[in-house]
Amino acid sequence: RLRDHPDHRADWERLEALSREEVDGVRTAIAHLPPLARSELDEVASALAKSGSCILAGESGVGKSALAKTLAGRDYDRVVWLRAELLASGSRDALVREIGLRHPLQELLASSAAAVLLVVDGAERLRANGGQVAARLARDLNAAGARHVNVLVTAGLEAASRISHWFLDEGAGSPPRVMLQAPREEDVRALVRDVPGLRWAAWRS
């Protein structure tokens with residue numbers, strides 16, 4: 001069984017603690033109900049398998065973070081979840097200091113013994129220098145042959161084109177985009193039909 005480099009153990013513990021805190025704050029279901037089935041889940045998985053990176057775009061509140069969390073839990077051994085604000089400095093060295101790591105992030109990701117999903121969540125809040133950090137990470141991971149690491153960027157619809165340009169400008173290629181639509185009303189109605197406290201809200205016109 002492959003093992004991570006022992007020098008990286010403390011950094012991975014820090015990354016996993018940070019990511020767990022972020023992931024735990026993302027809700028994928030209402031109360032005890034199962035999550036809504038989203039056809040875009042397999043679309044994102046396919047895009048990542050082919051290209052190594054993907055932009056998941058959609059209006060605020062449609063479930064981009066929830067879909068990213070579901071995908072990470074289903075298809076990956078590890079998730080590294082970064083709020084967009086962590087990249088705002090525009091410097092990978094500053095990002096490492098902000099997280100509290102001893103080694104460069106791309107080195108940790110590339111040397112992981114397990115499949116990793118790197119999520120940059122809420123990238124519509126980034127300016128160009130912050131977006132370039134994400135693009136350079138994707139570029140360098142690809143150059144290192146780290147096919148076990150995929151990069152998923154979630155962003156608002158209007159920001160998707162801007163993020164694509166940042167990736168192109170940094171030599172990371174143009175990531176495929178998956179547009180996440182709001183759940184269909186009939187699917188939401190079916191989900192909450194047997195929950196008395198939610199039925200009225202779901203059926204209001």
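Predicted model: local features only at pLDDT ≥ 70, side-chain atom pairs only at ≥ 80, totals over all residues.
Biologist: Understood. How many cavities of 30 Å³ or more does the structure hold?

Modeller: The structure holds one cavity of that kind, 30 Å³ or more. About 40 Å³ of space lies in the largest cavity.

Biologist: Which helices each supply at least two residues of its lining?

Modeller: Two helices are to be named here: α6, residues 128–143, and α7, residues 160–169, each supply at least two residues of the lining. The greatest contribution comes from α7, with three residues.

Biologist: And which residues line the largest cavity?

Modeller: The lining consists of V120, A123, L126, G131, A134, V153, I163, W166 and F167.

Biologist: How does that lining divide by class?

Modeller: Eight of the lining residues are nonpolar and one is polar, while no charged residues are present.

Biologist: Turning to the sheet, what is the strand order?

Modeller: The order is β2-β3-β4-β1-β5, in an open sheet of five strands with parallel pairing. At the edges are β2 (78–83) and β5 (177–179), each of which pairs on one side only. From one strand to the next, the twist averages 20 degrees.

Biologist: Over how many bridges do β3 and β4 pair?

Modeller: Strand β3, residues 116–121, pairs with strand β4, residues 149–155, over five bridges in the parallel sense. In β4, V149 is the bridge partner of V116.

Biologist: A change of topic: how many aromatic pairs does the structure hold?

Modeller: The number of aromatic pairs is zero.

Biologist: What lies over the face of W12, then?

Modeller: That residue is R78, at 3.9 Å from the ring centre of W12.

Methods. Residues numbered from 1 in each chain as written. Heavy atoms only, no water. 1 Å grid on protein atoms, 1.4 Å probe; cavity = no way out; pocket = protein on both sides within 12 Å on 5 of 7 lines; lining within 4 Å. Points joined across faces, edges and corners; volume = space filled by probe spheres on them. Helix = DSSP H or I, 4+ residues; strand = E, 2+ residues; numbered from the N terminus. Nonpolar A, V, L, I, M, F, W, Y, C, P; charged D, E, K, R; others polar. Phe/Tyr/Trp six-rings, centres within 6.5 Å; stacked < 30°, edge-to-face > 60°. Lys NZ or Arg CZ within 6 Å of the ring centre and 35° of its normal. Pairing = 2+ DSSP bridges. Axes fitted to C-alpha atoms, helices over the stretch in contact; angles between N-to-C directions.
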